Amino acid sequence: MTRAGALLILLCALLVGAPAAAQRRMDVSLVPETANVLPGTTLTVAFVMRPGTSWHGYWRNPGDAGAEPRVRWRLPEGWQAGPLQYPAPDRLIVMGLMNYVFERDYALLATIRVPADAEPGVASPIDARLEYLVCTNEVCVPEEADVSVEVATRAPGRPNPAFAAYRQALPRPLQGEGRFEATNGRIRLAIPVPAGAALSEPYFFPATSDALSHAAPQTISRNGDVLVIETGAGPSAVRLGAIEGVIELAPGVALALTARPGPVPPAGATLATVGGGANAPPGADNSVASGGSGDGAEASILLALLGALAGGLILNVMPCVFPILSLKALSLARAGADEGTARREALAYSAGAVLICLALGGALLILRAAGVAAGWAFQLQDPRIILVLLLLVIAIALNLAGLFRLPTLGGGDALTGQSGARGAFFTGALAAFVATPCTGPFLGFALGAALVLPAWAALAVFAGLGLGLAFPFLLLGFIPALRSRLPKPGVWMERFQRLLAAPMLLTALGLAWVLGRQTGVDGMALGLGAALLLGLGLWWLGRRQDGRSLWPAFIVIALAVVAPLPFIQTAEGAPVAEGSALGAEPFSEARLAALRASGPVFVYFTADWCLTCKVNERAVLDRAEVAEHFRARGVRTLVGDWTRGDPAITRFLARHGRSGVPLYLYYAPGREAEVLPQLLTVGTMTSLGG
């Protein structure tokens, strides 16, 4: 996988496409060149790939989006497989992103070396698992194919005639090396090609990641026996010691080469300019900037960033975040902070929120690049994280209730100078961390987009989420008129702080319920016991904050947090969402396809730790009038429970441009999926099927 591996799905997966389960996407078979092979020789095998109508696979460098195929071999002892060999790809531009794809049948070849001591006359299995991404212009599906073939160690017979065409499609090695220069955001390549060689829309496909700006147009000229290619440089171009790639001289004629740093002759007469303007495939978005991203891509990134900002702003009204924000705001009023102090605290609070969102987002991108089917709030699928979050929320609630003092939250101490900024930083980080179970309007789209954008753009979206979360406090810090409207300090502040403990305790209650759903009754009892022990330690801490020894309290607190972790495990029989009011069945793509053939279908994806999901279920989906409406119109319901993680659900969410829950889909008979709002109403649900 390239360093663009975070782009596992095309940006166009944000659009809702045809349900992939009902279509043929890619047929994969493993074919040997001969049925037999002698010990001590080699055998060529081919992964024959046949994409369905409107689907495509990817080259070794997928371009601006996509993923390189990966193969895992299971060979007899001593047998060794070489790397995959690719034919020259096609070019496909979608929303300003250049993709190197195969929209036709193609074959990936590999050479297998058989050891000299292999037992003669024995039939040996060659097994492989090919992992690949297959896409249309609207949706992408990560797939894998387990393929197998048997060959015997004896004199080979007649070779498969198809391999002559497979080899003919491979680029031939170039006689000699190319050279390249990269300066000022541009790269120039010199490729030795005899002057008499026939050319028809030549194009250079870079196999080395980040060497070229894929979507930038390539200007090809000739200087004697050298083709000179000029285009936008990739982010790593100036640091590379070599660039591998394929120069396609004409359809079906391609040369594989390596270019190394060195002088490039001046450009001659221009032969063609290809790859980003008028030569884009019909119907593609041809607006390409010199930096390699088109107006469509820039617009999508901007929309995702705005969605993250708006979604982060809305998170401030969630019960686990609002008390923290309120206390930080009131701390400014209580201390009468001057302009400089208020701004420093606002910036520190924002930095904490942004860094936590970047850390969680970066971890998510790394996991997905490594092939793990993960989505936003992936950490909450681990019951140990739920336990830590439960204890953290209880500690915050007990602090608000006055059991002990914690200046970072209460803000009553050390509000000036360095310590005040430190306290604000950790408060912002805390607010971002406890907000992760929540999603809402704008946020689902934004976080789904982040997983299909380039890594730098994805991280910008995650940073935007943190900035949106911190935005109210930023306004207070930088606009004196807003601070002047804050209530005057008084005894009421202490009472208000005590009241803010209530939503935090309700959050803790919800987390204890989630822990029970994930681990069973025993796990929930262990979590509540840890919470009780933590409360004892914090009570002890509060009693001794007058300067007496605090070590016993710290030991009790550490035991409460650390001791239960090894014993918290997901219970195999933990319950999942049942959707009883609507008579929902467990989700699977096969069941969805079967139900769609007989009538309308409503599908929703939920998790026990998702506050928005639970509000929608209790306030809307469990209502009698919704259930009656569905029964009257024959609407069947499927529910996907993501509480403990499910790779199949994660992939389905990704195909609909989502990285987390909730997601609500309605399939009318004979029509594609309609994505419903993340905040449901009874009116929305009773209008379905009308």
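A residue counts as exposed when its relative accessible area is over 50%, as buried when that area is under 20%, and as partly exposed in between. These terms are used in the legends below, which describe close-up views of a predicted model.

**Figure 1. The neighbouring aromatic residues F425 and F426.** The ring centres of F425 and F426 lie 5.3 Å apart and their planes stand at 85 degrees, so the pair is edge-to-face. F426 has a relative accessible area of 51% and is therefore exposed. F425, with a relative accessible area of 26%, is partly exposed.

**Figure 2. The aromatic pair formed by Y100 and Y203.** The model contains 17 aromatic pairs. In the pair of Y100 and Y203, the distance is 6.3 Å from centre to centre and the angle between the planes is 70 degrees, an edge-to-face arrangement. Y100 belongs to strand β7 (residues 97-102) and Y203 to strand β14 (residues 203-206), so the pair ties together parts that are 103 residues apart in sequence. Both Y100 and Y203 are buried. Together with W59 and F205, these two tyrosines form one aromatic cluster. The ring of Y203 also has the charged end of R91 sitting over it, 4.4 Å from the ring centre.

**Figure 3. The open sheet of β4, β9 and β10.** Three strands make up this open sheet, in the order β4-β9-β10, and their pairing is antiparallel. The edge strands are β4 (70-74) and β10 (140-152), each of which pairs on one side only. Direction ignored, neighbouring strands of the sheet are turned by 15 degrees against each other on average. Strand β9 (residues 123-135) runs antiparallel to β4 and is joined to it by five bridges. Opposite V71 stands L130 of β9.

**Figure 4. The surroundings of R188.** R188 is part of strand β13 (residues 186-192). Its side chain reaches two backbone oxygens: that of P265 at 2.7 Å and that of V264 at 3.4 Å. When neighbours within four places in sequence are left aside, the residues in contact with R188 include P266 and A267 as well as V264 and P265. Also among the contacts of R188 are R179, F180 and E181, along with V228, I229 and E230.

**Figure 5. Loop residues with positive phi.** Most residues other than glycine have a negative phi. S54 has a positive phi, near 75 degrees, and lies in the loop between β2 (42-51) and β3 (57-63). The phi of D210 is likewise positive, near 60 degrees. D210 is located in the loop between β14 and β15 (218-223). With a relative accessible area of 17%, D210 is buried.

**Figure 6. The mixed sheet from β20 to β24.** Strands of a sheet pair through backbone hydrogen bonds, either parallel or antiparallel. Here five strands form an open sheet in the order β20-β22-β21-β23-β24, with mixed pairing. At the edges stand β20 (585-586) and β24 (673-675), each with a single partner strand, so one side of each is left without a neighbour in the sheet. Three bridges pair strand β23 (residues 663-667) with β24 in the antiparallel sense. The bridge partner of Y667 in β24 is A673.

How values were computed: Residues are numbered from 1 along each chain as its sequence is written. This is a predicted model: local features need pLDDT of at least 70, side-chain atom pairs count only at pLDDT 80 or more; totals for chains, interfaces and linings use all residues. Side-chain values use heavy atoms; hydrogens and water are left out. Rings of Phe, Tyr and Trp (its six-membered ring) pair if their centres lie within 6.5 Å; planes under 30 degrees apart count as stacked, over 60 as edge-to-face and the rest as tilted. Helices (H or I, at least four residues) and strands (E, at least two) are DSSP runs, numbered from the N terminus. Buried means under 20% relative accessible area, exposed over 50%, partly exposed in between (1.4 Å probe, protein chains only). A charge sits over a ring if NZ of Lys or CZ of Arg is within 6 Å of the ring centre and within 35 degrees of the ring normal. Two strands pair if DSSP finds at least two bridges between them. Axes are lines fitted to C-alpha atoms, for helices over the stretch in contact, and angles run from 0 to 180 degrees between N-to-C directions. A polar contact is a pair of N or O atoms within 3.5 Å; within protein, one must be able to donate a hydrogen and the other to accept it, and residues adjacent in sequence count only if both atoms are side-chain atoms. Contact means heavy atoms within 4.5 Å.
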